[in-house]
Amino acid sequence: EDGEGEKSSTSGNNGKAEDTPKVETERELGEIKGGENVDRSKVFMFDDPTTSLAFDYFLDPCECFFETWGKNEPVTEDAFETVNLESMGNNMLFNRLIPEAFKLWQGPHICDLSYLLENTYDSGSCAIRCADNALCKYFAVAETSGGMACIMFSACDHMLRVDTTFVATMYANYRPNNGNDRLCHLADPEACWAKTRRRAYLSKQTQPFGTCIWQSLHEQCDFARLIGDTGIQYCAPCTYMNVASQKVGLPLTLYNILI
């Protein structure tokens with residue numbers, strides 16, 4: 001009789017008593033219903049009907065985050081630290097950034113040769129050379145038989161496979177369209193790509209959270225790996241969006257209650 005407190009009895013349609021587990025917590029409830037844990041981050045999704053943003057006071061891994069959200073789920077520690085450092089280093093508002101050279105992929109690919117600006121062998125910084133060239137928006141660093149190559153491009157629409165023995169690290173050098181143009185960092189780029197963005201592009205659906213910066217290149221690299229291009233050592237997930245997608249922030253009183 002000592003264990004009777006662990007279960008409660010209910011009667012089914014046939015009048016027979018059935019034992020059901022006693023639910024103590026929200027987590028236990030999730031484990032009972034369908035055998036899956038409740039995603040507590042999606043239990044409450046709040047919206048401000050006066051704005052065009054959907055669910056203003058809910059944060060998905062695919063969305064940018066604001067300072068008061070901090071390192072709480074779904075924001076990863078890496079994302080928060082990256083944003084914090086870039087915001088302070090460039091004297092900008094939190095998560096309103098002009099990111100430093102962003103690593104897109106590593107492997108036997110470069111950008112379209114029609115956009116080639118220059119190919120030099122220089123022991124100096126390729127990132128600095130690109131930053132000093134007003135036309136440079138992408139650059140690759142590659143170790144070749146002639147030395148370390150710095151290959152700069154004015155644009156990049158497609159990944160071009162060069163050679164199986166050639167390995168380049170490709171970077172994007174973001175240049176704002178105007179003085180106030182800024183990007184924001186997603187809460188969890190890896191989770192966003194694995195759970196949302198890959199599924200959307202493979203099924204040819206509209207990306208539910210909008211198009212990220214360098215979206216096409218992210219998709220090309222990811223798809224090449226999926227179909228067996230073992231030469232690609234790294235593909236970056238979608239990481240930055242236009243700052244227009246930045247959330248306005250959850251009211252602190254409501255935020256403190258929910259977490």
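These legends go with several close-up views of a predicted model.

**View 1. Helices H4 and H5 cross each other.**
Here we look at helix H4 (residues 189-202) and helix H5 (residues 215-226). Their axes come within 11 Å and cross at roughly 90 degrees, which makes H4 roughly perpendicular to H5. On the H4 side, the residues that meet H5 are Trp-193, Arg-197, Arg-198, Tyr-201 and Leu-202. Facing them from H5 are Gln-215, His-218, Glu-219, Asp-222, Phe-223 and Leu-226.

Asp-222 counts as buried because its relative accessibility is 7%, under the 20% cut-off. Arg-198, at 25%, counts as partly exposed.

Leu-202, Phe-223, Leu-226 and Ile-227 make a nonpolar surface patch of about 400 Å². Leu-202 comes from helix H4 and is partly exposed, at 45% relative accessibility.

**View 2. Glu-118 and Arg-129 join a strand to a helix.**
The side chains of Glu-118 and Arg-129 meet in a salt bridge, at 2.5 Å from N to O. Glu-118 lies in strand E5 (residues 116-121) and Arg-129 in helix H3 (residues 126-132), so the bridge ties together parts that are eleven residues apart in sequence. Glu-118 is partly exposed, with 24% relative accessibility. Arg-129 is partly exposed too, with a relative accessible area of 30%.

**View 3. Asp-229 reaches Arg-161 from a loop.**
Another salt bridge has Asp-229 and Arg-161 as partners, and their closest N and O atoms are 2.9 Å apart. Asp-229 is in the loop between H5 and strand E11 (234-235), while Arg-161 is in strand E8 (residues 160-161). That puts the linked parts of the chain 68 residues apart. Asp-229 counts as buried, at 15% relative accessibility, whereas Arg-161 is partly exposed, with a relative accessible area of 39%. How many salt bridges turn up in a search of the whole structure? The count is four.

Conventions:
Residues numbered from 1 in each chain as written. Predicted model: local features only at pLDDT ≥ 70, side-chain atom pairs only at ≥ 80, totals over all residues. Heavy atoms only, no water. Patch = residues over 30% accessible without salt bridge, like charges linked within 9 Å, V, L, I, M, F, W, Y side chains within 5 Å. Areas by Shrake-Rupley, 256 points an atom, 1.4 Å probe, with all protein chains shown as cover. Helix = DSSP H or I, 4+ residues; strand = E, 2+ residues; numbered from the N terminus. Buried < 20%, exposed > 50% of the residue type's maximum accessible area, 1.4 Å probe, protein only. Axes fitted to C-alpha atoms, helices over the stretch in contact; angles between N-to-C directions. Parallel < 35°, antiparallel > 145°, perpendicular 65-115°, else oblique. Contact = heavy atoms within 4.5 Å.
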